[in-house]
Amino acid sequence: LGVAKGRQSVTLTAAATQLVQRVLFRDGQHVPKGAVLVELKNTEQDAAIAQAEARLVEAKRAYDRYKTLGAQGWASKAAVDQYEAAWRSAQADLEAAKARQADRVIRAPFAGVVGLSDVAPGALVNPGAPIVTLDDVSVIRVDFQVPERYLAQLHAGQAILATADAYPGQTISGRIAQLDTRVDERTRAITARAEFANPDGKLKPGMLLRVGVSRGRRTSPSAPESAISVQGDS
């Protein structure tokens, strides 16, 4: 048994406490990497950038002026270095202001599908508070446990099959993408990660899947388990 997960999944949050200005996605929408999902109010940050840009222009002019005077011998090297440091400090202040403004724009870190959200313009969001989920469901991952005695029969790339209660009678083909580097000392089992292509989006994160790993073709006669009666050691 294993629980389905997206190739990548994340719950997007804000980095600062601020009011929502614009919501640029629809519930269930496919969005590309880098798409702007939510814009927070950034009036203060815009003003800070304008102020930092003005200081940078002023610092650059002062540095250029003293650099010229220093080349002509009218200003000491210490004074030129001081104005150069002020110019570079103004550059850093501008970059910091731009970074604070970028915190007010929430983008998709990868391509995927956004979930349901109640965030609307005018809402106040806080750091850590969930805004919307984002899942890359083009490939579904399932981690499942296999007893260590079968370790020799497992390898990356091995074909596997799975079934889901949501789709009775349907078999889903996949492969083992990776085996964990350790065996759990308590359960004596190793975790295998399976991947299933999901082009139609039928598989959803959180679904329970039953994964079957082939141990090879049976070569001896067999009978259904329901036809066997066990009495003592017989």
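**Salt bridges, exposure and a surface patch**

User: How many salt bridges does this structure have by the rule used here?

Analyst: The count comes to 10 salt bridges. The rule asks for a side-chain nitrogen of Lys or Arg within 4 Å of a carboxyl oxygen of Asp or Glu. Bear in mind that this is a predicted model, where local features need pLDDT of at least 70, side-chain atom pairs need 80 or more, and totals for chains, interfaces and linings use all residues. Side-chain values use heavy atoms, with hydrogens and water left out, and numbering starts from 1 along each chain as its sequence is written.

User: What makes Lys 5 and Asp 143 a salt bridge?

Analyst: Their side chains meet with N and O 3.0 Å apart. That is within 4 Å, so the pair passes the rule.

User: Why can you say that this pair ties together parts apart in sequence?

Analyst: Lys 5 belongs to strand β1 (residues 2-13) and Asp 143 to strand β8, so the bridge links parts that are 138 residues apart in sequence. The element names come from DSSP runs numbered from the N terminus: helices are H or I with at least four residues, strands are E with at least two.

User: Why is Lys 5 called partly exposed?

Analyst: Its relative accessibility is 30%. Buried means under 20%, exposed means over 50%, and partly exposed is in between (1.4 Å probe, protein chains only). At 30%, Lys 5 therefore counts as partly exposed.

User: What makes Arg 88 and Glu 84 a salt bridge?

Analyst: The closest N and O atoms of Arg 88 and Glu 84 are 3.2 Å apart. The distance falls within 4 Å, so this pair counts too.

User: Why are Arg 88 and Glu 84 labelled partly exposed?

Analyst: Arg 88 has 46% relative accessibility, so it counts as partly exposed. Glu 84 comes in at 22%, so it gets the partly exposed label as well.

User: What makes Asp 165 and Arg 210 a salt bridge?

Analyst: The N to O distance between the side chains of Asp 165 and Arg 210 is 2.6 Å. Asp 165 lies in the loop between β9 (159-164) and β10 (172-184), while Arg 210 is in strand β12, so the pair connects parts 45 residues apart in sequence.

User: How do you know whether each of these two is exposed or partly exposed?

Analyst: Asp 165 has a relative accessible area of 55%, so it is exposed. Arg 210 has 38% relative accessibility and therefore counts as partly exposed.

User: Which residues do salt bridges with shared partners join into one network?

Analyst: Lys 5, Asp 143 and Arg 193 are joined that way.

User: What makes Leu 1, Val 3 and Leu 208 a nonpolar surface patch?

Analyst: These residues make a nonpolar patch of about 290 Å². Patch residues have over 30% relative accessible area and no salt bridge; nonpolar side chains (Val, Leu, Ile, Met, Phe, Trp, Tyr) are joined within 5 Å, like charges within 9 Å. Areas come from the Shrake-Rupley method with a 1.4 Å probe, only the protein chains shown counting as cover for residues.

User: Why is Leu 208 called partly exposed, and where is it found?

Analyst: Leu 208 is at 40% relative accessibility, so it counts as partly exposed. It is found in strand β12 (residues 208-213).

User: What makes Arg 188 stand out in its backbone?

Analyst: Arg 188 has a positive phi of about 55° although it is not a glycine. Its place is in the loop between β10 and β11 (189-197). With 40% relative accessibility, Arg 188 therefore counts as partly exposed.

User: How far apart are Tyr 66 and Ser 173, in sequence and in space?

Analyst: They are 107 residues apart in sequence and 72 Å apart in space, C-alpha to C-alpha. Tyr 66 is part of helix α1 (residues 43-71). At 24% relative accessibility, Tyr 66 counts as partly exposed.
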